[in-house]
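Please look over the sequence and the structure shown below before reading on. The report after it takes up a few local features in turn.

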Amino acid sequence: MTAHPPTCLTPLLNLPTTQLSSGSSQGGDEIQQLSWWCSVNNLTLNTTKTKELILDFRRKRDAAPLCMNGACVERVQTFKFLGALISEDLSWSANTTATVKRAQQRLHFLRVLRRHNTKMKPSTG
């Protein structure tokens, strides 16, 4: 079996569930290992698509910014993962608010159709 040379096109790797330790030096080592692994396997970390969500319930939060390949990762307070909004305090309020908003928008559309006496055909797929 012949070995294939590395290609010029590098696939993108988006790691939304990467978990780092709380220690600053250990977290930096894990980022360097992750960057090294990606470069060895012809992958690149896309720091513009990567988000950092800190789940820390201590009163004093003094986390240093996360930087990879010379670019700092954006720190967010809520993150959409598999259709659900996860917030830094692990409450369901952001997810519930977004779900209610979508439901109200769809109900408004149905009310407008009913107001104009429009009959909708059931879709058959």
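In which strand is isoleucine 86 found? Isoleucine 86 lies in strand β8, residues 84–87, where strands (E, at least two residues) and helices (H or I, at least four) are DSSP runs numbered from the N terminus.

## Basis of the model

This is a predicted model, in which local features need pLDDT of at least 70 and side-chain atom pairs count only at pLDDT 80 or more, while totals for chains, interfaces and linings use all residues. Residues are numbered from 1 along each chain as its sequence is written, and side-chain values use heavy atoms, with hydrogens and water left out.

Strand β7, residues 78–81, pairs with β8 in the antiparallel sense over 4 bridges, pairing being assigned if DSSP finds at least two bridges between two strands. Phenylalanine 81 stands opposite alanine 84 in β8. The hairpin has 2 residues between its strands, and leucine 82 takes a positive phi near 55° there.

## Two further positive phi angles

Most residues other than glycine have a negative phi. Asparagine 42, although not a glycine, has a positive phi of about 55°, and it lies in the loop between α1 (24–40) and β2 (44–45). Asparagine 42 counts as partly exposed because its relative accessibility is 33%, given that buried means under 20% relative accessible area, exposed over 50%, and partly exposed in between (1.4 Å probe, protein chains only).

Leucine 90 also has a positive phi of about 55° and is not a glycine; this leucine 90 is found in the loop between β8 and α2 (93–115). With a relative accessible area of 48%, leucine 90 is partly exposed.
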